Amino acid sequence: MNILLKPRWIVFHILVLVLSLLFIRLGIWQWHRHLNRQASNAIIRERLDLPAEDYLSLKQQGLKLEDANVQHSSLYRRVRITGLYEPDKQVYIRNRSYQGQPGYHLLTPLRLEHGEQLLIERGWIPIDQPEVTTPRGEVLLEGVLFATQHQPTGSIGAKDPPTGALKEIFWIDRERLSEQMGGNLEPVYLRLTKQEPAQEGDLPIYPALPNLDIGSHLGYMIQWFGFALIAIIGYLALMRSLIRNQAS
């Protein structure tokens, strides 16, 4: 009987086949993620190159603000908006750094003309200087729209307390912040790039624009295809050696 047809070797053949197909499937998955990342980045770059539009006009046009899918939403659009800051409701976003220095980002609601509130990520302040001035009276802001966030549901990852008023947060969670800010929070927040009248002093420092690197998906794809190739070559080399030994 051919040794390669014994039950234990048949199990080994199946195992190698399954693992090779799994590695190839994971490589293809990472390739698609790479392509999706490239497509999303192209859309974001195109939107960032457009002139700023009035935020309320965007809403009246019926453009989607809540859809997290970049291709079907108004995220990453540059917008202008006027309103009144409400510094008594502002919170601090934890774990933000600037040039290696730890700190916070200020998140201050802006009261709009019909009572809605748009959260404004105003920028970085050092961890030992949490108090900065906030312009009084009407301000004209320009920035980029981002989707509000949701806290992770699993046991891993930083979370904000489920109850009570928050002063420091990990997540720009609309539902979690809505109650302490009086409701009417918009489904997006604005990452500030320009403000009139200008901020007094050097702080806060405007937050960075979206990170448009392509990530590690291409490297992971090569890695998974490499694993598949190693498994197949190793399997063929072993089979060749067994056949030679059996024939001798």
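Q: How many salt bridges does the structure hold?
A: The structure, which is a predicted model, holds seven salt bridges. As background, side chains of opposite charge can pair when their charged atoms come close.

Q: Which residue forms a salt bridge with E53, and how far apart are the closest N and O atoms?
A: The partner of E53 is R77, and the closest N and O atoms of this salt bridge are 2.4 Å apart. E53 lies in strand β1 (residues 53–54) while R77 is in the loop between α2 (55–60) and β2 (78–85), so the pair ties together parts that are 24 residues apart in sequence.

Q: And is R77 buried or exposed?
A: R77 counts as buried, because its relative accessibility is 14% and the cut-off for buried is under 20%. E53, on the other hand, has a relative accessible area of 26% and is partly exposed.

Q: OK, what about E168, which residue does it form a salt bridge with?
A: E168 forms a salt bridge with R94, and here the closest N and O atoms are 3.6 Å apart. This pair links distant parts of the chain, with E168 in strand β7 (residues 168–169) and R94 in strand β3, 74 residues apart. Both ends count as partly exposed, E168 at 28% relative accessibility and R94 at 30%.

Q: Which residue pairs with E121 in a salt bridge?
A: That residue is R191, with the closest N and O atoms of the two side chains 3.2 Å apart. Since E121 lies in strand β5 and R191 in strand β8, the pair ties together parts that are 70 residues apart in sequence. Both E121 and R191 are buried, and E121 also stands opposite R191 in β8.

Q: Which residues do salt bridges with shared partners join into one network?
A: Salt bridges that share partners join E86, K89 and R111 into one network.

Q: Going back to β8, how many of its residues are buried?
A: Strand β8, which covers residues 185–196, has nine of its twelve residues buried, and is therefore mostly covered.

Q: Do β5 and β8 run parallel or antiparallel, and how many bridges join them?
A: β5 and β8 run parallel, and four bridges join them. β8 also pairs with strand β6 (residues 138–147), in this case in the antiparallel sense and over eight bridges. Within that pairing, L141 has Q195 in β8 as its bridge partner.

Q: Switching to rings, how many aromatic pairs does a search of the whole structure find?
A: A search of the whole structure finds nine aromatic pairs. One of them is W9 with F12, and this pair is edge-to-face because the ring centres are 5.4 Å apart and the planes stand at 90°.

Q: Where do W9 and F12 lie?
A: Both lie in helix α1 (residues 7–48), three residues apart, which is about one turn of the helix. W9 counts as buried at 11% relative accessibility, whereas F12 counts as partly exposed at 27%. Ring pairs also link W9 and F12 with Y235 into a cluster.

Q: And what about the rings of Y98 and W124, how far apart are their centres?
A: The centres of the Y98 and W124 rings are 5.3 Å apart and the planes are at 35°, so this pair is tilted. Y98 lies in strand β3 (residues 91–98) and W124 in strand β5, so the pair ties together parts that are 26 residues apart in sequence. W124 is buried, with a relative accessible area of 4%, while Y98 is partly exposed at 29%.

Q: Last topic, where is the place of E116?
A: E116 is in the loop between β4 (101–111) and β5 (117–126). With a relative accessible area of 17%, E116 is buried.

Q: Which residues is E116 in contact with, leaving aside neighbours within four places in sequence?
A: Apart from those neighbours, E116 is in contact with K59, L110, R111, N184 and E186.

Terms used:
Residues numbered from 1 in each chain as written. Predicted model: local features only at pLDDT ≥ 70, side-chain atom pairs only at ≥ 80, totals over all residues. Heavy atoms only, no water. Helix = DSSP H or I, 4+ residues; strand = E, 2+ residues; numbered from the N terminus. Buried < 20%, exposed > 50% of the residue type's maximum accessible area, 1.4 Å probe, protein only. Contact = heavy atoms within 4.5 Å. Pairing = 2+ DSSP bridges. Phe/Tyr/Trp six-rings, centres within 6.5 Å; stacked < 30°, edge-to-face > 60°. Salt bridge = Lys/Arg side-chain N within 4 Å of Asp/Glu carboxyl O.
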